[in-house]
Amino acid sequence: MALPVEQPEELELEEIEVELLLEGIFRRYGYDFRHYAPASLKRRLRRRMYGEHVETVSALQERVLHDPAVMERLLLDLSINVTSMFRDPMFFLAFRELVVPLLRTYPFSRIWVAGCSTGEEVYSLGIVLAEEGLSDRVRIYATDINQAVIDIARLGVFPLDKMQEYTQNYIRGGGTRSFSEYYVARYDGARFSRSLVDGVVFAQHNLASDSVFNEFHMVACRNVMIYFDRPLQAHVHSLFYDSLAMFGVLALGQKETIRFSPREDDFEELDAAEKLYRKIQ
Ligand SMILES: C[S@@+](CC[C@H](N)C(=O)[O-])C[C@H]1O[C@@H](n2cnc3c(N)ncnc32)[C@H](O)[C@@H]1O
């Protein structure tokens, strides 16, 4: 089959065709990408068109709607899964210093990691909770739109060649033990201790269309909403507001903020630099 003549970056995508594709995906599969930021969305559509050897968005739509395997591949392209352990180490330092003391005030608490990708963030939080003696008193719920990444998260095997970088991150994030205590090196990668995720509930959840499913004392949703447009961000801020207990903490990514959101006044800054907010009303 012939490849498209143009390079993916050069293809101009018809606005209306993109809208129809996203609408079709929503109706057929329930995945709602209608409010994802257009520039990055189009870049990823172009990539999938190239991968599927089609030249128009309509042709891609035809494939996606008739072949769930194509939808699976598009989903992987659209849900950017880049992540790492102790990503933005200062955030984990702030979590230890500001959030852990709040969690200690509850006999039992729940953290929702929304958009957990392949789980590196969940294992990082699990390590901090273990070191702070809170493993038995805090339950993590880890969700993502993409079932494939959740399956990887459950396994807890991460690339061995990342361990040096992760060890540095761990130390910068306030870790004082030997990071290698937490995993064993195997031929297939660094296999992290099961005990770190013993009580973790892994589940599929779509922030654009699914609703509140529990009450949480912290919601961490980092580096997910950068891909959403303003209305979808506002929708998800409300979802988190409704999911948090009073004085519960919302953690966003470095490039994300609750400021300028209709929910802004419902939160106060706990740590402005590390994007930690607390529900106050
Ligand atoms: C860049 S990763 C962030 C991973 C991790 N939170 C971190 O900061 O390293 C973004 C994740 O958000 C997920 N995601 C994208 N849209 C979503 C949605 N509507 N509902 C739930 N998760 C979504 C993607 O599948 C992806 O795994």
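**Close-ups of the ligand site and the spaces around it**

**View 1. Asn81 reaches the ligand through its side chain.** Here, an N or O atom in the side chain of Asn81 sits 2.8 Å from an oxygen atom of the ligand. Keep in mind that this is a predicted model. Glu121 also brings in its side chain: one of its N or O atoms there is 2.8 Å from a nitrogen atom of the ligand. With Ile145 it's the backbone that counts, as a backbone N or O atom of that residue lies 3.3 Å from a ligand nitrogen. As for how well wrapped the ligand is, the protein covers 99% of the 610 Å² of accessible area that the ligand has on its own.

**View 2. A shell of 20 residues surrounds the ligand.** Look for Tyr36, Thr83, Arg87, Asp144 and Asn223, which are the closest of the set. Sorted by class, the shell splits into 8 nonpolar, 8 polar and 4 charged residues.

**View 3. The largest pocket is where the ligand sits.** There's about 470 Å³ of space in this pocket. Its lining takes in 29 residues, and those closest to the pocket centre are Ile80, Gly115, Asn223, Val224 and Tyr227. Asn223 turns up again here, having already been listed among the residues closest to the ligand. By class, the lining of the largest pocket comes out at 13 nonpolar, 10 polar and 6 charged residues.

**View 4. Searching the whole structure turns up 1 cavity of 30 Å³ or more.** The largest cavity holds about 30 Å³ of space. Around it you'll find Tyr36, Ala37, Ser40, Leu41, Arg44, Leu78, Ile80 and Tyr227. Helix α2 (residues 38-51) supplies the largest share of the cavity lining, with 3 residues. By class, that lining has 6 nonpolar residues, plus 1 polar and 1 charged.

How values were computed:
Residues are numbered from 1 along each chain as its sequence is written. This is a predicted model: local features need pLDDT of at least 70, side-chain atom pairs count only at pLDDT 80 or more; totals for chains, interfaces and linings use all residues. Side-chain values use heavy atoms; hydrogens and water are left out. A residue is near a molecule or strand if one of its heavy atoms lies within 4 Å of it. A polar contact is a pair of N or O atoms within 3.5 Å; within protein, one must be able to donate a hydrogen and the other to accept it, and residues adjacent in sequence count only if both atoms are side-chain atoms. Accessible areas come from the Shrake-Rupley method with a 1.4 Å probe; for residues, only the protein chains shown count as cover. On a 1 Å grid over the protein atoms alone, a cavity is a set of points where a 1.4 Å probe fits but cannot get out, and a pocket is an open set with protein on both sides within 12 Å along at least five of seven lines; lining residues have an atom within 4 Å of a point. A molecule sits in a cavity or pocket if more than half of its atoms lie within 2 Å of its grid points. Ala, Val, Leu, Ile, Met, Phe, Trp, Tyr, Cys and Pro count as nonpolar, Asp, Glu, Lys and Arg as charged, and the others, Gly among them, as polar. Grid points are joined across faces, edges and corners, and a volume is the space filled by probe spheres set on the points. Helices (H or I, at least four residues) and strands (E, at least two) are DSSP runs, numbered from the N terminus.
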